[in-house]
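Trainee: I've got a new structure open and I'd like to learn how to read it. Could you walk me through it one feature at a time?

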Amino acid sequence: DQDRLSQEAIKLFQKLKKDFSVFILSNNTEKRVSQYAKQLDCDYVSFARKPFLFGYRKIQKKYRFNKSEMVMIGDQLVTDILAGNKFKIKTILVDYCVSGK
């Protein structure tokens with residue numbers, strides 16, 4: 001429900017981007033995803049239709065990655081982790097919780 005990312009999230013992405021190519025792969029709308037990608041200065045795929053593999057293929061093709069170079073970090077078992085496993089890339093499940101609620 002937030003329009004702005006926390007400073008903690010922005011710092012995490014900045015740290016990751018020092019060593020990795022970082023992308024947002026989201027089932028959400030172009031309008032919603034683009035505002036976060038702009039804040040993070042990273043590329044994205046909206047309407048990814050996870051757990052289908054459309055978005056994974058799009059990123060792999062555009063950036064010419066081997067699957068061994070890709071990792072899905074996500075907080076949803078079905079959309080993120082299942083799809084990453086189906087695409088045969090490494091996956092990392094994170095525990096997402098919203099503080100203060």
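This is a predicted model: local features need pLDDT of at least 70, side-chain atom pairs count only at pLDDT 80 or more; totals for chains, interfaces and linings use all residues.

**Reading charges, rings and backbone**

Trainee: Which salt bridge does Asp41 take part in?

Mentor: The general idea comes first: side chains of opposite charge can pair when their charged atoms come close. Here, Asp41 meets the side chain of Lys17 in a salt bridge, at 3.9 Å from N to O. Lys17 belongs to helix H1 (residues 7-17) and Asp41 to the loop between helix H2 (30-40) and E2, so the pair ties together parts that are 24 residues apart in sequence. Lys17 is partly exposed, at 31%.

Trainee: How many salt bridges are there?

Mentor: The count is three. Another one joins the side chains of Lys62 and Asp43, at 2.9 Å from N to O. Since Lys62 is in helix H3 and Asp43 in strand E2, this pair ties together parts 19 residues apart in sequence. Lys62 is exposed at 54% relative accessibility, while Asp43 is partly exposed at 23%.

Trainee: And what about Lys50 and Asp80: are they buried or exposed?

Mentor: Both are buried. Their side chains meet in a salt bridge of 2.7 Å, N to O. Lys50 sits in the loop between E2 and H3 and Asp80 in helix H4, so the bridge ties together parts 30 residues apart in sequence.

Trainee: Let's turn to the backbone. What should I look for?

Mentor: Pro51 is in the loop between strand E2 (43-45) and H3. That loop also holds Arg49, which is not a glycine but has a positive phi of about 60°. Arg49 is partly exposed, at 48% relative accessibility.

Trainee: What is the phi of Lys88?

Mentor: Lys88 has a positive phi of about 65°, although it is not a glycine. You'll find Lys88 in the loop between helix H4 (77-86) and strand E4 (90-93), and it counts as exposed at 66% relative accessibility.

Trainee: Last topic: how do I read aromatic rings?

Mentor: Check how far apart the ring centres are and how the planes are angled. There are four aromatic pairs. One of them is Phe23 with Tyr63, a tilted pair at 4.6 Å centre to centre with 50° between the planes. Phe23 is in strand E1 (residues 23-25) and Tyr63 in helix H3 (residues 54-63), so the pair ties together parts 40 residues apart in sequence. Phe23 is partly exposed at 22%, and Tyr63 is partly exposed at 32%.

Trainee: Is the pair of Tyr63 and Phe65 stacked or tilted?

Mentor: The planes of Tyr63 and Phe65 are at 20° and the ring centres 5.9 Å apart, so the pair is stacked. Ring pairs link Phe23, Tyr63 and Phe65 into a cluster.

Key:
Residues are numbered from 1 along each chain as its sequence is written. Side-chain values use heavy atoms; hydrogens and water are left out. Helices (H or I, at least four residues) and strands (E, at least two) are DSSP runs, numbered from the N terminus. Buried means under 20% relative accessible area, exposed over 50%, partly exposed in between (1.4 Å probe, protein chains only). Rings of Phe, Tyr and Trp (its six-membered ring) pair if their centres lie within 6.5 Å; planes under 30 degrees apart count as stacked, over 60 as edge-to-face and the rest as tilted. A salt bridge is a side-chain nitrogen of Lys or Arg within 4 Å of a carboxyl oxygen of Asp or Glu.
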